[in-house]
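Me: I am new to this structure and would be grateful for a close look at one part of it, the surroundings of the ligand. Please describe them in a connected account.

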Amino acid sequence: MAEIDGATLIARSLKQHGVQYMFGIVGVPVVPVAFAAQREGITYIGMRHEQSASYAAQAVGYLTGRPGACLVVSGPGMTNAISGLANAWSNRWPMILIGGASDISQHGMGAFQEAPQVEAARPWCKYAAQVDRVERIPYFVEQAVRTSIYGRPGPVYLDLPGDIIGARVEDEATAQRPPVPDPPRPFADPDAVEAALAALRSAERPLVIVGKGTAYARAEDEVRAFIEATQLPYLATPMGKGVLPDDHPLSVGAARSFVLQNANLVFLMGGRLNWILHFGLPPRFNPDVRIVQMDIAAEEIGTNVPAEVALVGDARAVTAQLNAKLREQPWQFGAENTWRTGIAKKIEENRAVTEALFDDDSVPMNYYRALRDIRDALPADAIICSEGANTMDIGRTVLPNFLPRHRLDAGSFGTMGVGLAFAIAAQAVHPEKRVVAVEGDSAFGFSGMEVEVACRYGMPITFVILNNNGISGGPSTLDRSRPIMPNAYIPQARYEKIIEAFGGKGWFVERPEELRPALDAAMGSGGPAIVNVMISPSAQRKPQQFGWLTR
Ligand SMILES: Cc1ncc(C[n+]2csc(CCOP(=O)(O)OP(=O)(O)O)c2C)c(N)n1
């Protein structure tokens, strides 16, 4: 009678439920799992740090709607991956972490890398379990995959002791469940759909906020139809960008502070009133703002500001419900009113300030000047990964997105170090697309060794580092006669040389006129490249009405 081992069974079960990508670092006891994954037709990408492997797995989850798998060894391998679990938990992205664990037969004996792994995973996960018998692997994998993508998505954890991975069992004792179907798409209460449209019709200064939940739900066609049918002004959240193209005439992103502060009704589509949206509270929001809220998770409704109307359901299904009602009873927000003219005026004012910064050819460059050239060099369907403080915040306003799920950033958890792994995941999922990671020099440093992964797999990712000598701008020279400033790095560090060690190409850019040729050469090189761009340590965002976080 045919036998199957635990490693093959885990790989086969993952494949059975649509898991296509695995990122990891091998060692005892998970080596056979990685080889089995390759044999079963799962793409295995070996990373240089578990943190990056776990970031990559969740980016796959966001981009494809099926969790990416992250494979790590017991003990420190598993604990290194917890930052990824936390980031996925905060972003509500699906991923499945598979942690090797010490043998069940040695539990409590001080086994090699023995650790309370399930307990450590649990606060970040929708589901965390140890596989207790080899023949139950298909059960646990189905449970984990389904839980990660059904309802509100999120990370899950499976603990795989070495003696389960190595165990053999009769093949026929291990029947697979049918593949987990795509998540059900619940509709909202039809009365709430009517109420939402009535609320929008009654608002003098309405604003739609398009969140990344709509991107995850693949609701772009429905959201576009809704915005165009109603002619409502909309603002995209950082990763909601691209659900509608950023150059859409109804986008009011260039007047963000103004519209948030003055809207008297906000329709929140698949976004949360967390710190990124200033909790929906004054001074950033109108104290009397009315909230119409659409979310897949009922428990999200009313967070920080009570919702007048709750649309609980899948963003694509619910927006289609709204669109159907609008076809029965067409309605548009007025074309001419003080709300529209006020927004248009603010957009113009903001544009004038940034134009001056775009055209400033000072050396070293300011962020806007550098980002202008990056913007102009990118194709419209580029996938942009972005992290840093100013690099990311200014980049979000300068680098446009024209397609959904084409922007990945530090996200709800504000995590530095995600960018390289996100770029690797994006290039794995979309080998045909231009992927660019726009990185602050500090952000790059968290995961810089992952450029070796891009080189090893021949991924033509362009890593652009906006280098201002430290965390949000360090000193231009290092004075070792005093304590080195906590935010300082080696000035003018030649990060581009790191990738050359692995066969990639590097460019060092100091002057504005050198930047576009370097970007074009890097993207034309056909392989991975770093463009290391010196930015003035004193360069900042254009003057802002409110301080960051508005404490
Ligand atoms: C994992 C993690 N550690 C530390 C921080 C704190 N932090 C926020 S932004 C940042 C780096 C900002 O500098 P840089 O990436 O160079 O971008 P810049 O603002 O200079 O453009 C750091 C370390 C964080 N957000 N995440």
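Predicted model: local features only at pLDDT ≥ 70, side-chain atom pairs only at ≥ 80, totals over all residues.

Reply: A polar contact, as the term is used here, is a pair of N or O atoms within 3.5 Å. At Met 416, a polar backbone atom is 3.2 Å from a nitrogen atom of the ligand. Gly 414 also takes part through its backbone, where an N or O atom lies 2.8 Å from a ligand nitrogen. With Tyr 367, by contrast, the side chain is involved: one of its N or O atoms is 2.8 Å from an oxygen atom of the ligand. As for cover, the ligand on its own has 580 Å² of accessible area, and the protein covers 74% of this.

The surroundings may now be taken as a whole. The ligand is surrounded by 17 residues. Tyr 367 and Gly 414 are among the closest, a group that also includes Asn 390, Thr 391 and Asp 441.

Two helices, α16 (390–398) and α18 (441–446), each contribute at least two residues to the shell. Of these, α18 provides the largest share, namely four residues. Asn 390 and Thr 391, named above among the closest residues, fall within the range of α16, while Asp 441 belongs to the range of α18.

Terms used: Residues numbered from 1 in each chain as written. Heavy atoms only, no water. Near = heavy atom within 4 Å. Polar contact = N/O pair within 3.5 Å; in protein donor to acceptor, adjacent residues only side chain to side chain. Areas by Shrake-Rupley, 256 points an atom, 1.4 Å probe, with all protein chains shown as cover.
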